Amino acid sequence: MRRAKISVIGAGNVGATCAHWAAAKELGDVVLLDIPDKVGVAQGKAIDLACCGPIERFDAQITGTSDYKDIAGSDVVIVTAGLPRKPGMSRDDLIQTNVKIVKSVSEQIREYAPESVVIVVSNPLDAMVYTAWKATGFPTNRILGQAGALDVARFRTFLAWEIGCSIEDVTALLLGGHGDDMVPLVRYTSVHGIPVSQLLPMEKITACVERAKVGGGEVVKLMGTSAYYAPASGSVQMAEAIIKDKKRIIPCAAYCEKEYGIGGYFVGVPCVLGSGGMEKVIEVDLQGEEKTLMDESISHVKDLVRVVTEMFPELAS
Ligand code: APR
């Protein structure tokens, strides 16, 4: 049987950690690609990671490279190339630099891995997914952004800490943009089927929501650079669902036309992920404030896309 192939663009913190999770889960062969100036870093990390194989017991070929020919035949390409957020910087501050990077990376993916499903991680996420879509020209089911997988994991973690239960028993749902823009759906959040509102007072749930929203910023402040373990873990969770055709429901930045009345933008929504990439957007019923927050989030995504298309008119059509 042919092994799956996962390519990771950007061999920095998020990229190398994606390679690590993908190899540890034995999802397939892994290619770690960076710019020519950093090819040594990509190659060194690839060798270092490959040498974990005998200990962790995974069989996978791990390649470090700066040559896009090496991504040929990838099932999934995870894009982490770009500058990470520095303290005091918003994701939006990164926009100009990272659009240029993600645009050039996407053009290479279009050429060398034209059948792949692309998972974008670079920030500002909602703008970068749009950029990857336009620059690859891929059908919308093969372009996804990783945001919800991470945001929901943060929310579940903080709730489990507060309740004092296993994180495995906490199931949560959220929509909308990444981080500050997320729309938590407390009504759809439960602990082994028990609505979370029966286990925690509303102010504690709200505190968990707020902490999940600024979870990225909290880590940036502490470490001086953006988070990478959980963003990489979320990305590889999506890659695994696609490679194994698991039909998992994971919140992702996915293209929505009629869904949620979004009208042709990539917004965080629960999706079914399988071998076809994004196979279905799941629409849940929204009420009152949930709907207001979702509308605000959609409008922020539209603003970001407007900024991108004003800076780079070639991405408008
Ligand atoms: N092609 C390939 N790799 C590139 C390119 C490019 N055109 N431009 C930059 N890179 C590489 C950098 O050389 C670096 O090795 O992307 C890598 C980014 O790694 P880090 O600086 O460690 O950043 P990281 O923390 O991994 O974050 C990457 O993910 O979560 C987001 O906000 C985060 O946008 C940021 C991205």
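User: Is Tyr255 buried or exposed?

Analyst: This is a predicted model, so keep that in mind throughout. Tyr255 has a relative accessible area of 16%, and the cut-off for buried is under 20%, so Tyr255 is buried.

User: Which residue does Tyr255 form an edge-to-face aromatic pair with?

Analyst: That's Phe266, with 5.3 Å centre to centre and 65° between the planes. The pair links distant parts of the chain: Tyr255 belongs to strand E12 and Phe266 to strand E13 (residues 265-274), 11 residues apart.

User: And Phe266, buried or exposed?

Analyst: Phe266 is buried, at 2% relative accessibility.

User: How many aromatic pairs turn up in the whole structure?

Analyst: The search finds 6. One of them joins Trp133 and Tyr255, with ring centres 5.0 Å apart.

User: What about Trp133, buried or exposed?

Analyst: Trp133 counts as buried, with 16% relative accessibility.

User: Which residues make up the aromatic cluster there?

Analyst: Tyr130, Trp133, Tyr255 and Phe266 form one cluster.

User: Which charged end sits over the ring of Trp133?

Analyst: The one of Lys134, 4.5 Å from the ring centre. Elsewhere, the charged end of Arg142 sits over the ring of Phe138, 4.5 Å from the centre of that ring.

User: How does the lining of the largest pocket split by class?

Analyst: There are 20 nonpolar, 17 polar and 6 charged residues in it.

User: And which residues lie nearest the centre of the second largest pocket?

Analyst: Val152, Ala153, Arg156, Gln237 and Arg248, out of 26 lining residues. The volume of the second largest pocket is about 610 Å³. H6, strand E7 (170-171), helix H9 (229-243) and E12 each give two or more residues to its lining. By class, the lining of the second largest pocket has 15 nonpolar, 5 polar and 6 charged residues.

User: How many cavities of 30 Å³ or more are there?

Analyst: The count comes to 1. The largest cavity has a volume of about 40 Å³.

User: What lines the largest cavity?

Analyst: The lining is Ala147, Gly148, Leu174, Leu175, Gly176, Gly177, Pro251, Cys252, Gly268 and Val269. Strand E8 (174-176), E12 and E13 each supply at least two of the lining residues, and E8 has the largest share with 3 residues.

User: And how many of those lining residues are charged?

Analyst: No charged ones; the lining of the largest cavity divides into 6 nonpolar and 4 polar residues.

Terms used: Residues numbered from 1 in each chain as written. Predicted model: local features only at pLDDT ≥ 70, side-chain atom pairs only at ≥ 80, totals over all residues. Heavy atoms only, no water. Phe/Tyr/Trp six-rings, centres within 6.5 Å; stacked < 30°, edge-to-face > 60°. Buried < 20%, exposed > 50% of the residue type's maximum accessible area, 1.4 Å probe, protein only. Helix = DSSP H or I, 4+ residues; strand = E, 2+ residues; numbered from the N terminus. Lys NZ or Arg CZ within 6 Å of the ring centre and 35° of its normal. Nonpolar A, V, L, I, M, F, W, Y, C, P; charged D, E, K, R; others polar. 1 Å grid on protein atoms, 1.4 Å probe; cavity = no way out; pocket = protein on both sides within 12 Å on 5 of 7 lines; lining within 4 Å. Points joined across faces, edges and corners; volume = space filled by probe spheres on them.
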